[in-house]
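User: I am new to this structure and would like to learn how to read its features. Please show me where to start.

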Amino acid sequence: MSGIFEYNGGSIVGMKGKNCIAMACDRRFGQQMSTITTNYQKVFKIQDNILLALSGLNSDIHTFYALMEKEINLYNLKENRKMKPTTFANLVASSLYERRFGPFFVTPIVAGLENGKPILATYDSIGCKSDLDDFQVGGTGGNYIYGACEAFFKPDMSPEELEEVIGQSLVSGCDRDSLSGWGGVVYVLTEQKLTVKILKTKQT
Amino acid sequence: MIDFDPSTFGLAHTYQKEDKDEINTLSMPSAPQVIYRSLNGPTQTNGGNKLNNFKHGTTTLGFVFKEGILLAVDSRASMGSFLSSEQVRKVIEINEYLLGTMAGGAADCQYWLAYLANHCRTYELKNGSKLSVAAASKFLQGILIGYKNSGLSMGCMIAGTDLSGQHLYYIDNDGMRLKGDIFSVGSGSTYAYGVLDNYYRYDLSLDEAVELGVRAIYHATHRDTASGGVVRVYHIHQNGWTKVHDGIDVVDLHYKFAQQKGLVGDGDEAKQRLF
């Protein structure tokens with residue numbers, strides 16, 4: 001389990017539905033094989049219609065989130081308007097590339113609703129944006145979650161269905177990864193509201 | 001006239017050993033031979049990083065108490081961070097009066113404990129009495145010293161009953177053999193020791209001892225990523241061993257213990273920010 005991306009562990013997943021998006025993350029904060037806490041926040045509400053999920057080194061998760069929070073606050077103050085999700089998605093990419101030769105050890109997923117249309121973007125740690133897929137994963141358990149997503153996902157799901165599917169995919173994926181798990185949180189964003197649900201998962 | 005040398009009495013063979021006359025006491029493929037001794041020191045596994053020593057990615061524990069010996073183990077096998085199985089059997093039933101626990105290389109433990117089982121049975125047949133726990137553990141130690149520095153990975157406990165009572169030994173691939181009352185082996189052992197040392201008494205009842213063993217393994221599986229799955233519990237007493245629990249899911253234990261404290265168990269006791 002060497003590698004800076006595997007030091008803290010953790011997994012995230014984002015999915016598009018019909019006029020809604022969902023994000024899910026595990027809750028483990030560990031140091032290699034030892035678990036420190038089981039309530040670490042990895043999904044952040046940047047704006048009412050934008051969610052940012054981060055996986056990788058927990059220190060950089062926090063730092064990069066703080067940087068994005070600062071950027072969006074300054075944008076709101078200077079431009080006196082909300083930032084569009086596609087704009088934020090680009091901002092994440094350029095902020096990551098700014099640190100091309102000393103990167104943040106994170107793999108972000110941005111999810112948002114722009115005029116009702118779902119937006120989902122994922123990046124590598126130096127800012128290569130990929131925004132054409134219906135679901136994306138990140139973190140140490142990512143590959144295992146991919147398998148479950150491929151099996152359960154179908155396009156244009158309702159918010160309730162999406163919540164169920166993303167929750168099951170996260171849990172099945174994290175069950176095969178020893179560095180992720182210890183709880184899960186599912187966020188479903190629609191035009192009207194953001195629902196947050198805590199999953200009862202394996203605590204081992 | 002005596003036409004053979006009396007000094008040959010007492011040896012297993014009183015004639016020239018011929019291959020076809022030798023009863024093959026091992027019905028399995030013969031043990032691997034170490035061809036040469038490495039002059040470079042112990043074979044490095046996992047880059048010599050002791051803190052992250054995956055080779056013992058497990059939690060097993062055993063302790064002696066007034067009703068005999070209790071062994072409790074987890075059931076997770078991992079290859080790096082990938083969980084290959086949550087249903088492994090880490091207590092190996094050597095025979096009806098001896099048990100061995102597995103930590104480290106599964107193949108190494110399974111093979112050598114089966115080899116030990118074979119040896120115990122052969123001894124029983126040849127000598128009419130069972131091999132003592134001390135002798136069985138010493139035999140295993142002898143084998144492991146022979147393979148020292150060749151890269152075997154085993155941290156096992158041998159527990160059993162014989163005419164002098166119930167005994168617990170710890171044997172590892174370095175050739176260490178320790179007799180003791182409390183042992184915990186594996187990456188989760190530090191967490192298990194914390195619980196075990198806190199509540200251990202010699203005069204525990206069987207139910208209390210089982211509860212202690214289960215709790216200690218649960219706490220280790222919660223904190224250690226290389227331990228998990230189910231808890232298996234065995235009890236060794238003067239008539240042999242009994243399997244007390246074949247597999248209690250540690251996830252159920254987590255929520256049961258949380259409920260006993262009046263909590264939900266989903267990590268939200270401190271009411272952390274969610275978004």
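Analyst: Chain B has five helices and 12 strands. Helices (H or I, at least four residues) and strands (E, at least two) are DSSP runs, numbered from the N terminus. This is a predicted model, in which local features need pLDDT of at least 70, side-chain atom pairs count only at pLDDT 80 or more, and totals for chains, interfaces and linings use all residues. Residues are numbered from 1 along each chain as its sequence is written, chains are lettered from A and ligands numbered from 1 in the order in which they are written, and side-chain values use heavy atoms, with hydrogens and water left out.

User: How much of chain B is buried?

Analyst: Buried means under 20% relative accessible area, exposed over 50%, and partly exposed in between (1.4 Å probe, protein chains only). In chain B, 47% of the 275 residues are buried. As for contacts (heavy atoms within 4.5 Å), 63% of those in chain B with a separation of 6 or more join residues 24 or more positions apart.

User: Which residues have the most contacts inside the largest nonpolar core?

Analyst: A nonpolar core is a set of buried Ala, Val, Leu, Ile, Met, Phe, Trp, Tyr and Cys residues joined through side-chain atoms within 4.5 Å. The largest has 26 residues, and B:Leu98, B:Trp112, B:Leu140 and B:Ile158 have the most contacts inside it. At least two residues of this core come from each of strand 5 (91-95), helix 1 (106-127), helix 2 (133-146), strand 7 (155-162) and strand 8 (165-172) of chain B. Helix 1 of chain B gives the largest share, seven residues. Leaving out residues up to four places away in sequence, B:Trp112 touches B:Ala31, B:Pro32, B:Leu140, B:Ile143, B:Tyr147, B:Leu152 and B:Met154.

User: Is B:Val214 buried or exposed?

Analyst: B:Val214 counts as buried because its relative accessible area is 7%. B:Val214 is placed in helix 4 (residues 206-223) of chain B. Beyond four places away in sequence, B:Val214 touches B:Val231, B:Val233, B:His245, B:Ile248 and B:Leu253. B:Val214 and B:Ile248 are 34 residues apart in sequence, and their C-alpha atoms are 8.5 Å apart in space.

User: Where does B:Asn149 lie, and what is its phi?

Analyst: B:Asn149 lies in the loop between helix 2 and strand 7 of chain B. Its phi is positive, about 70 degrees, although B:Asn149 is not a glycine. With a relative accessible area of 37%, B:Asn149 is partly exposed. In chain A, A:Trp182 also has a positive phi, near 55 degrees. A:Trp182 lies in the loop between helix 4 and strand 11 (184-190) of chain A, and at 1% relative accessibility A:Trp182 is buried.

User: At what angle do helix 3 and helix 4 of chain A pack?

Analyst: Axes are lines fitted to C-alpha atoms, for helices over the stretch in contact, and angles run from 0 to 180 degrees between N-to-C directions. Helix 3 (residues 142-152) and helix 4 (residues 159-175) of chain A pack at about 145 degrees, with axes 7 Å apart.

User: What area is buried between chain B and chain A?

Analyst: The size of an interface is often given as the accessible area lost when the parts come together. Here buried area is the accessible area (1.4 Å probe) that two parts lose on being put together, summed over both. Between chain B and chain A it is about 2900 Å², of which carbon and sulfur atoms give 49%. B:Thr225, B:Leu274 and B:Phe275 supply 22% of the area that chain B buries against chain A, more than any other three residues. In this interface, 34 residues of chain B are in contact with 32 residues of chain A.
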